[in-house]
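Okay, thanks for coming, everyone. Have a look at what's on the screen, and then I'll talk you through a few parts of it.

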Amino acid sequence: MTDTANPECAAVLGGISAYLDGAASSLVIEADHTGQLEGLVRERCLRAPDGHLRRYDVRPFDPAQIWEHVMTSTGRPRIAARSSRRPM
């Protein structure tokens, strides 16, 4: 359901929909337990994302946590995260 009352909004939604249609898979990563962004994508772009990662405690995501989720969601082999500590 696109917003035909606002042509600018319809153009943006059309671009997002086209981008999602060309993607191999889509994941919504949001720090909101209700899944508001995922709901908007589903409602406005008429496409359900393939997966999601949500934080329920309002804390920021750790990049390693996102990487791990993306790797397991796409079926790619997991690679141990590099340590940021340098050897002495």
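**Helices, salt bridges and a loop**

Let's start with Glu38, which is buried, with a relative accessible area of 6%. By buried I mean under 20% relative accessible area, while exposed is over 50% and partly exposed is in between, using a 1.4 Å probe and protein chains only. Before I go on, this is a predicted model, so local features need pLDDT of at least 70 and side-chain atom pairs count only at pLDDT 80 or more, while totals for chains, interfaces and linings use all residues. Residues are numbered from 1 along each chain as its sequence is written, and side-chain values use heavy atoms, with hydrogens and water left out.

So what does Glu38 pair with? The side chain of Arg54 meets Glu38 in a salt bridge, at 2.5 Å from N to O. That pair links distant parts of the chain, since Arg54 sits in strand S2 and Glu38 in helix H2, 16 residues apart. Helices here are DSSP runs of H or I with at least four residues, strands are runs of E with at least two, and both are numbered from the N terminus. Arg54 is buried too, with a relative accessible area of 19%.

Glu38 also has a salt bridge with Arg42, at 3.3 Å from N to O. For the term itself, we need a side-chain nitrogen of Lys or Arg within 4 Å of a carboxyl oxygen of Asp or Glu. Arg42 and Glu38 are both in helix H2, 4 residues apart, or about one turn of the helix. An α-helix has 3.6 residues a turn, so residues three or four places apart point the same way. Arg42 is partly exposed, at 40% relative accessibility. Put together, Glu38, Arg42 and Arg54 are linked in a network of salt bridges.

How many salt bridges are there in the whole structure? The search finds 5. Another one of them joins Arg44 and Glu43, at 3.8 Å from N to O. Arg44 counts as partly exposed at 25%, and Glu43 counts as partly exposed at 40%.

Back to the helix. Which residues of H2 are buried? They are Glu38, Val41 and Cys45. Looking down the axis of H2, they fall within an arc of 75°, so they line one face of the helix. That arc is taken from the directions from the helix axis to the C-beta atoms. The cover over those buried residues includes helix H1 (7-22), strand S1 (27-30) and S2.

H1 has its own buried residues: Leu13, Ser17 and Leu20. Down the axis of H1, these fall within an arc of 65°, so they line one face as well. The face of H1 turned away from that buried side carries the exposed residues Pro7, Glu8, Ala11, Val12, Tyr19 and Gly22. What covers the buried residues of H1 includes H2.

Last stop is the loop between helix H2 (36-45) and strand S2 (51-54), where we find Leu46. Leu46 has a positive phi of about 55° although it is not a glycine. Most residues other than glycine have a negative phi. Is Leu46 buried or exposed? Leu46 is exposed, with a relative accessible area of 65%. Arg47 lies in that loop too, but Arg47 is buried, at 18%. Leaving out residues up to four places away in sequence, Arg47 touches Leu20, Asp21, Ala23, Ser26, Val41 and Arg42, where contact means heavy atoms within 4.5 Å.
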